[in-house]
Amino acid sequence: WGIDYIIGLQKNSTLEWFSAVPAQALAEQYDAAGTKQRLIGEFQYATRNWDRERRVIARLEHGPHGPNPRFVVTSLDGDAADLYERLYCARGEAENRIKEAQLDLFGRRASCRLFDANQLRLLLAALAYTLMINLRRLALGGTELERACTATIRTKLLKIGAAVLRNTRRVRLLLASQHPLKHVFVTAARALAP
């Protein structure tokens, strides 16, 4: 169908056998240097239920906690290290963002019996996530929170003591004078002001 893929492959004894010699070399290099060693290579592999051999990229590491192999099966052409680092590892960043929406913004909370109520909760979580992305992108650039996760932004920047004063012409926000990130809050507010 013309669809390419790059998917993590669960390690097993056969995959570890294919990578045993370079894994042993990395262990020896780690013992000699004392720093984490890394190697990315590839080989052809097929399980019993695959109709043919496929390209497997092996990312081998050896560090203070011992060996840490990862295996990826792909139909893509190109340099193995580039495919692993540029494409496969980017998937991990997307999964982190999904986890943020589910856990930090309560996107997985669907405890109501009614479908409409659960759908509204999911839509509100999606809206909150969109607001957080734009807050990070538009207002927090150049601050210590520019790469912070949603939970950190919520607890350090948005959950603060403040008083809201409004009259017919304007709304004023008075922050607690001892808030440690008051300067970041003010920077973000100025960046988002019309």
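**Leu 140 and its surroundings**

A: In this predicted model, Leu 140 touches Leu 135, Leu 145, Glu 146, Ile 153, Leu 157, Val 184 and Ala 188, leaving aside residues up to four places away in sequence.

Nonpolar side chains tend to be buried together in soluble globular proteins. Here the largest nonpolar core holds 16 residues, and Leu 140 is among those with the most contacts inside it, along with Leu 135, Leu 145, Ile 153, Leu 157 and Val 184. At least two residues of this core come from each of helix 4, helix 5 and helix 6. Helix 4 contributes the most, with four residues. There is also a second, separate core of ten residues, and Leu 26, Val 56, Leu 60 and Phe 71 are included in it.

Elsewhere there are aromatic rings to consider. The count of aromatic pairs is five. In one of them, the ring centres of Phe 18 and Phe 43 are 4.7 Å apart and the planes are at 10°, so this pair is stacked. It links distant parts of the chain, since Phe 18 is in helix 1 (residues 13-18) and Phe 43 is in strand 2 (residues 37-45), 25 residues apart. Phe 18 has a relative accessible area of 34%, so it is partly exposed, whereas Phe 43, at 15%, counts as buried.

Phe 18 also pairs with Tyr 45: their ring centres are 6.1 Å apart and their planes are at 85°, so this pair is edge-to-face. This pair, too, links distant parts of the chain, with Phe 18 in helix 1 and Tyr 45 in strand 2, 27 residues apart. Tyr 45 has 6% relative accessibility and therefore counts as buried.

Ring pairs join Phe 18, Phe 43 and Tyr 45 with Trp 17 and Trp 50 in a cluster. Trp 50 has a charged neighbour as well: the charged end of Arg 54 sits over its ring, 5.2 Å from the ring centre.

Terms used
Residues numbered from 1 in each chain as written. Predicted model: local features only at pLDDT ≥ 70, side-chain atom pairs only at ≥ 80, totals over all residues. Heavy atoms only, no water. Phe/Tyr/Trp six-rings, centres within 6.5 Å; stacked < 30°, edge-to-face > 60°. Buried < 20%, exposed > 50% of the residue type's maximum accessible area, 1.4 Å probe, protein only. Lys NZ or Arg CZ within 6 Å of the ring centre and 35° of its normal. Core = buried A, V, L, I, M, F, W, Y, C linked by side-chain atoms within 4.5 Å. Contact = heavy atoms within 4.5 Å.
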